[in-house]
Amino acid sequence: SEMGTPVVDDRSIGRFSFEAEAAQDPDRLCLLRINLYDSTSGKCMYERWFLEEDQVPSGAASRRDQVGSFVNVLYQFAREIDSGFISRVMYEDAHEGGERDESYSITEMVTEMREGVTITVFHGSRNHRLVQRFAHELLGSFLEHHRDLITWSPDGDPKNSRPPAIDQAIDVLRADFDRNTSLVPAE
């Protein structure tokens, strides 16, 4: 770190809150981050973190298009080796090998691509099918009701990456899922 500024280990950011939620209720949406990307360019059209502002990794805003590009590469790789379908990617804490203890963390990214838009949902939920269904329904809602809210600048970047109407749609859908998780198949 420069000038005595502490370096925050991004691997631990937000872990405690969502892991505690997931342990209490395995069918709860434990969301960390939602992004919507243009599937062609990888440009981020919408981003929302579900962490306290001081828990969001530093520099995250400048790296959001990199996630879109990475997901595009995953889809391209999937097309080259198989059908081109990808639905989730798991990220585990680094370890030195051997058996893992119960304190290690897994963050998962659920993704879906449809009609030129890719959604990514980073989460710590125990029921990935719940999150996949949530992502599917949220992407459908965006495509049907909110896509026109994203306006583009002449240089090809979105002008407004956090329209309040999309936040509201997420909050309504999330509340609906929290009330109706019994409809989602278990792992």
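Predicted model: local features only at pLDDT ≥ 70, side-chain atom pairs only at ≥ 80, totals over all residues.
Residues are numbered from 1 along each chain as its sequence is written, and side-chain values use heavy atoms, with hydrogens and water left out.

**Strands**

Helices (H or I, at least four residues) and strands (E, at least two) are DSSP runs numbered from the N terminus, and two strands pair if DSSP finds at least two bridges between them. Strand E1 (residues 31-38) pairs with E5 (residues 117-123) in the antiparallel sense over seven bridges, and within this pairing aspartate 38 has valine 117 as its bridge partner. E1 also pairs with strand E2 (residues 44-49), again in the antiparallel sense, over five bridges, with isoleucine 34 opposite arginine 48. E1 and E2 form a hairpin with five residues between them, and in that turn glycine 42 has a positive phi of about 80°.

Burial is judged by relative accessible area (buried under 20%, exposed over 50%, partly exposed in between, with a 1.4 Å probe and protein chains only). Six of the six residues of E2 are buried, and so are seven of the seven residues of E5. In E5 both faces are covered, with Val117, Ile119, Val121 and His123 on one side and Thr118, Thr120 and Phe122 on the other.

Arginine 33 lies in E1 and counts as buried because its relative accessibility is 9%. Its side chain makes polar contacts (pairs of N or O atoms within 3.5 Å; within protein, one must be able to donate a hydrogen and the other to accept it, and residues adjacent in sequence count only if both atoms are side-chain atoms) with asparagine 35 at 2.8 Å and with glutamate 47 at 3.1 Å.

**Loops on either side of E5**

Glutamate 115 is found in the loop between strand E4 (106-114) and E5, and its phi is near 50°, a positive value in a residue other than glycine. Most residues other than glycine have a negative phi. Glycine 124 is placed in the loop between E5 and H3, and its C-alpha atom is separated by 6.5 Å from that of leucine 31, 93 residues apart along the chain.

| Residue | Relative accessibility | Class |
|---|---|---|
| Glutamate 115 | 56% | exposed |
| Glycine 124 | 10% | buried |
| Arginine 133 | 26% | partly exposed |

**Helix H3 and its packing**

Helix H3 (residues 128-146) has 19 residues, which at 1.5 Å a residue should span 27 Å, and its end C-alpha atoms are 25 Å apart, in agreement; the expected span is 1.5 Å times one less than the number of residues. At the start of H3, a side-chain oxygen of asparagine 127 reaches to within 3.1 Å of the backbone nitrogen of arginine 129. The buried residues of H3 include Leu130, Phe134, Leu138 and Phe142.

These four residues are also among those of H3 that meet helix H4, where contact means heavy atoms within 4.5 Å; their counterparts in H4 include Ala165, Ala169, Leu173 and Phe177. The axes of H3 and H4 (residues 164-179) come within 11 Å and cross at roughly 145°, the axes being lines fitted to C-alpha atoms over the stretch in contact and the angles running from 0 to 180 degrees between N-to-C directions. Arginine 133 lies in H3, and its C-alpha atom is 9.4 Å from that of phenylalanine 177, 44 residues apart in sequence.
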